[in-house]
Amino acid sequence: MGQYTVEVTTQNFQSQVLASQLPVLVEFTADWCPPCKMLKPILDDLARRYEGRLTVGVVDSDEYPEIRDSFGVMGLPTMILFRNGAPVERIVGYTPRERIEAKLLPHLQHT
């Protein structure tokens, strides 16, 4: 978990993701996943940069397989952007910061 990201679990998925007023980028990850580790500083920086406009959550796919399975996540890392409780974007595999931001920005409220 990064300094600015939040842990998403079965206990808080409803409140942290589905009921969030902000868009939520959820990364499905695992400790054994090298590309997931490469994404960690990028996602933490995005969470810091867009604080107040975006929440970045992290789901441990091994610990919470029911969340992973309910969204059809087949490979790691997978990032799903939720807006108003619904998935609106899906990014599979390691992706450079610029491509992640390009997918996020249209969904963020401008302040």
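Predicted model: local features only at pLDDT ≥ 70, side-chain atom pairs only at ≥ 80, totals over all residues.
Ser61 lies in the loop between S3 and H3. At 1% relative accessibility, Ser61 counts as buried, because the cut-off is under 20%. Leaving aside residues up to four places away in sequence, Ser61 touches Phe28, Thr29, Arg68 and Leu76. Two of these names, Phe28 and Thr29, return below with strand S2.

Strand S3 covers residues 55–60. S3 is mostly covered, with 5 of its 6 residues buried. S3 has a partner in strand S1, residues 6–7. The two run parallel and are joined by 2 bridges. Val6 has Gly57 of S3 as its bridge partner. S3 also pairs with strand S2, residues 24–29. That pairing is parallel too, over 6 bridges. Here Leu25 stands opposite Val56 in S3.

Now the whole sheet. Strands of a sheet pair through backbone hydrogen bonds, either parallel or antiparallel. In this model 5 strands form an open sheet, in the order S1-S3-S2-S4-S5. The pairing is mixed. S1 and S5 are the edge strands, each pairing on one side only.

S2 comes next. How many of the residues of S2 are buried? The count is 6 of the 6, so S2 is largely enclosed by the rest of the structure. Its side chains split into two sets. Val24, Val26 and Phe28 point one way from S2. Leu25, Glu27 and Thr29 point the other way. All of them are buried, Glu27 and Thr29 included.

On to S4. S2 and S4 pair in the antiparallel sense, over 5 bridges. Phe28 stands opposite Thr78 in S4. Thr78 in turn has Val92 of S5 as its bridge partner. S4 itself is mostly covered, with 5 of its 6 residues buried.

Pro77 lies in the loop between helix H3 (65–70) and strand S4 (78–83). The peptide bond from Leu76 to Pro77 is cis, with omega near -5°. Leu76 is also one of the residues that Ser61 touches.

Follow S4 to its other end. S4 and S5 pair in the antiparallel sense over 6 bridges. They form a hairpin with 2 residues between them. Asn84 is in the turn. Its place is in the loop between S4 and strand S5 (86–92). Phi of Asn84 is near 55°, a positive value in a residue other than glycine. Is Asn84 buried or exposed? At 68% relative accessibility, Asn84 counts as exposed, because the cut-off is over 50%.

Arg83 is found in strand S4. With a relative accessible area of 33%, Arg83 is partly exposed. Which residues does Arg83 touch, not counting those up to four places away in sequence? They are Val88, Pro106 and His107. Pro96 is another matter. Arg83 and Pro96 are 13 residues apart along the chain, and their C-alpha atoms are separated by 22 Å.

Helices complete the tour. H2 lies across S2, S3 and S4. H2 runs at about 165° to S2. Helix H2 (residues 34–49) also meets helix H4 (residues 97–104). Their axes come within 11 Å and cross at roughly 40°. H2 and H4 are therefore oblique to each other. The crossing is right-handed. From H2, the contact is made by Leu39, Ile42, Asp45, Leu46 and Arg49. From H4, Arg97, Ile100, Glu101 and Leu104 take part. By class, this contact of H2 with H4 has 5 nonpolar, no polar and 4 charged residues.

The order runs S1-S3-S2-S4-S5. S3 pairs in the parallel sense with S1 and with S2. S4 pairs in the antiparallel sense with S2 and with S5. H2 lies across S2, S3 and S4, and H2 also has the right-handed crossing with H4.

Terms used
Residues numbered from 1 in each chain as written. Heavy atoms only, no water. Axes fitted to C-alpha atoms, helices over the stretch in contact; angles between N-to-C directions. Helix = DSSP H or I, 4+ residues; strand = E, 2+ residues; numbered from the N terminus. Parallel < 35°, antiparallel > 145°, perpendicular 65-115°, else oblique. Left-handed = near helix turned anticlockwise from the far one by under 90°. Contact = heavy atoms within 4.5 Å. Nonpolar A, V, L, I, M, F, W, Y, C, P; charged D, E, K, R; others polar. Buried < 20%, exposed > 50% of the residue type's maximum accessible area, 1.4 Å probe, protein only. Pairing = 2+ DSSP bridges.
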